[in-house]
Protein chains: 2
Amino acid sequence: MIRRIQERKTAVIVAGSWGLALSRVLAEHGRQVTLWTRKEMQVEQINTAQASQGSGLAPEIRATTSMEQALFGADSVLVVAPSAAMREIAARIRPHLPPDALLIHATKGFEAQSLKRMSEVLAEELPAYDSKRIVALSGPSHAEEVAHRRPTTVVVASHSIAAAEEAQDLLLLPWFRVYTNPDLVGVEVGGALKNIIALAAGITDGLQFGDNAKAALLTRGLAEISRLGTAMGANPLTFAGLAGLGDLVVTCTSKLSRNWKAGNLLAQGKPLTDVLAEIGMVVEGVRTTESALALARRFDVRLPIAEQLAQVLFAGKPAVAAAEDLMGRSRGSELEEIDA
Amino acid sequence: MIRRIQERKTAVIVAGSWGLALSRVLAEHGRQVTLWTRKEMQVEQINTAQASQGSGLAPEIRATTSMEQALFGADSVLVVAPSAAMREIAARIRPHLPPDALLIHATKGFEAQSLKRMSEVLAEELPAYDSKRIVALSGPSHAEEVAHRRPTTVVVASHSIAAAEEAQDLLLLPWFRVYTNPDLVGVEVGGALKNIIALAAGITDGLQFGDNAKAALLTRGLAEISRLGTAMGANPLTFAGLAGLGDLVVTCTSKLSRNWKAGNLLAQGKPLTDVLAEIGMVVEGVRTTESALALARRFDVRLPIAEQLAQVLFAGKPAVAAAEDLMGRSRGSELEEIDA
């Protein structure tokens with residue numbers, strides 16, 4: 001097993017809240033971290049904050065707008081880009097990526113039109129890189145809690161066990177537990193699809209259906225995620241793990257989630273355009289609902305929750321009517337539905 | 001398939017909050033419901049409330065302290081007793097139980113010394129009854145929400161599919177969804193063991209570990225429940241369903257749960273005797289932790305969360321130290337632990 005923690009520099013791309021939180025984890029390992037961002041102003045903020053005490057940023061973290069500088073001499077690269085930006089970011093990385101560097105991404109979502117997973121997008125845009133070594137990081141991990149060093153457990157997945165173990169060594173701390181998983185497909189699919197159920201959970205909470213209804217939604221929702229993921233080649237056990245159940249629970253029960261907030265506003269009868277304008281940021285679950293239904297058609301899988309959600313999002317169906325149609329499905333056997 | 005909803009009387013034993021809530025479900029079906037309770041005063045309260053408007057109790061619900069009267073002419077019996085009282089209640093039922101009546105229980109827990117499931121206790125005490133037809137009702141169902149007709153989804157399990165379907169017909173309403181499951185063992189074990197994880201969730205919340213930690217605990221907790229349950233003969237899929245994941249989520253995320261409250265007080269460093277005195281009611285998770293560890297020895301299964309919890313409950317180990325020992329376990333592969 002090759003362990004490469006002797007070398008010392010990690011590039012983190014881009015400097016969002018999750019990129020910053022993971023940079024702190026890396027700095028606690030004594031690593032040099034170079035954060036890449038498009039924004040000159042953010043570079044200045046971060047590098048100035050480094051000079052002042054109590055900024056919360058370790059002195060080992062520096063920012064730059066130069067991809068060449070960010071990647072130069074890095075033995076590991078952590079990509080935390082929005083899913084819509086992944087292909088463009090990968091193309092920017094291409095000329096500067098050290099071929100031996102470990103490549104980890106922590107982005108949850110599919111590419112919109114192609115329906116590709118993030119590791120597939122990276123592999124396509126980085127043909128000189130050994131794609132088997134790409135690692136996906138996922139699991140229940142609010143960035144704010146990681147930034148405050150609250151106990152957190154994540155999973156790193158890769159087709160290469162050795163690469164997953166490298167990522168584990170790179171990030172593992174007493175308060176930041178890292179498990180490996182060989183099921184790259186399952187870990188990526190779980191992280192993407194949970195946003196659909198988080199939107200639906202926001203709706204049931206907005207309709208004041210209560211905790212019983214939300215627990216049932218999570219249960220049926222995880223079965224739906226597992227059904228599509230398994231059809232796509234994932235190991236069903238992955239969905240019982242941190243990137244499935246774990247991430248689903250944290251996203252659906254936290255009022256910090258943008259997806260949950262959007263669902264809550266939809267339950268009040270607001271049309272999608274107004275809801276998105278009010279939130280003012282990307283709501284990943286909206287795009288993911290479309291992607292999931294396209295994938296469901298491709299793999300011939302039924303997704304009743306995503307179907308009803310799409311009716312609410314894109315066809316103006318009242319949320320109550322969608323919920324009633326879900327509840328009103330013919331009575332059945334639980335295991336047949338879970339195992340379908 | 002035999003469907004027996006033509007007959008009209010159901011006995012509900014005993015008149016706790018869950019028994020009362022389920023009585024309302026039955027009354028909404030137009031059934032006569034006779035609630036049995038030990039307490040003369042409660043009989044009077046319920047029967048007087050029936051006369052007044054707006055009591056929330058349908059006119060079809062009557063109470064009695066006579067087991068003979070409660071069971072006379074009943075085509076179905078719903079037992080909702082505390083697990084510690086199940087054997088004694090079953091013995092009281094024995095002389096009066098109509099042999100053709102459908103017998104459903106909605107009690108979560110094991111018998112303390114024997115480690116028997118509730119359906120096993122009922123079968124032993126009711127030798128003249130066809131034990132294959134015993135049905136267990138479980139799933140995410142706060143009684144208060146059911147009493148307010150909030151959308152709720154439960155599962156009914158029996159060795160006899162026909163009996164489970166009878167229970168489904170008896171209870172199914174547009175807002176109260178009932179799924180069948182042939183896995184009686186899994187449904188009973190899931191409902192009992194989730195209280196252990198709820199206690200632990202109260203502890204992590206009391207220690208202010210945050211949502212990431214709680215989601216990880218739920219994930220590892222469900223794996224632990226599934227491991228023991230499968231060793232006991234359950235279908236692992238059941239734990240991905242309403243009586244596993246669903247009930248776990250609702251119990252661990254609700255501040256209404258006595259188990260969660262007890263964990264919260266334990267996190268503050270209070271000894272168990274003080275905590276139990278402060279709560280003043282049965283905290284099922286405490287007894288279940290002992291039962292689960294005894295079952296784990298019998299079936300040769302490791303339960304790291306229950307083990308640490310037992311140290312806190314019975315050996316005075318500080319909750320923080322237990323949490324650290326859980327977090328500090330050797331780094332590993334996720335699927336190996338889930339599948340262990």
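## How chain A meets chain B

In this predicted model, 100% of the interface residues of chain A are also interface residues in chain B, so the copies meet through the same surface.

Now the contact itself. On chain A, 58 residues are in contact with 58 residues of chain B. Together the two chains bury about 4800 Å² between them. Carbon and sulfur atoms account for 58% of that area. Within chain A, Asn212(A), Met327(A) and Arg331(A) lose the most area to chain B. Together these residues make up 16% of what that side buries.

What polar links cross the interface? The rule finds 27 residue pairs in polar contact, both residues at pLDDT 80 or more. The count of salt bridges between chain A and chain B is 0.

Several elements of chain A each supply at least two residues of the side that touches chain B. Among them are helix 6 (143-147), strand 7 (152-158), helix 7 (161-171) and strand 8 (176-181). Helix 10 (242-253) and helix 16 (334-338) also belong to this group. Helix 9 (211-231) is one of the group too. Helix 9 of chain A gives the most to that side, with 9 residues.

The residues of the side of chain A that touches chain B divide as follows.

| Residue class, chain A side | Count |
|---|---|
| Nonpolar | 25 residues |
| Polar | 21 residues |

Conventions
Residues are numbered from 1 along each chain as its sequence is written. Chains are lettered from A and ligands numbered from 1 in the order in which they are written. This is a predicted model: local features need pLDDT of at least 70, side-chain atom pairs count only at pLDDT 80 or more; totals for chains, interfaces and linings use all residues. Side-chain values use heavy atoms; hydrogens and water are left out. Contact means heavy atoms within 4.5 Å. Buried area is the accessible area (1.4 Å probe) that two parts lose on being put together, summed over both. A salt bridge is a side-chain nitrogen of Lys or Arg within 4 Å of a carboxyl oxygen of Asp or Glu. A polar contact is a pair of N or O atoms within 3.5 Å; within protein, one must be able to donate a hydrogen and the other to accept it, and residues adjacent in sequence count only if both atoms are side-chain atoms. Helices (H or I, at least four residues) and strands (E, at least two) are DSSP runs, numbered from the N terminus. Ala, Val, Leu, Ile, Met, Phe, Trp, Tyr, Cys and Pro count as nonpolar, Asp, Glu, Lys and Arg as charged, and the others, Gly among them, as polar.
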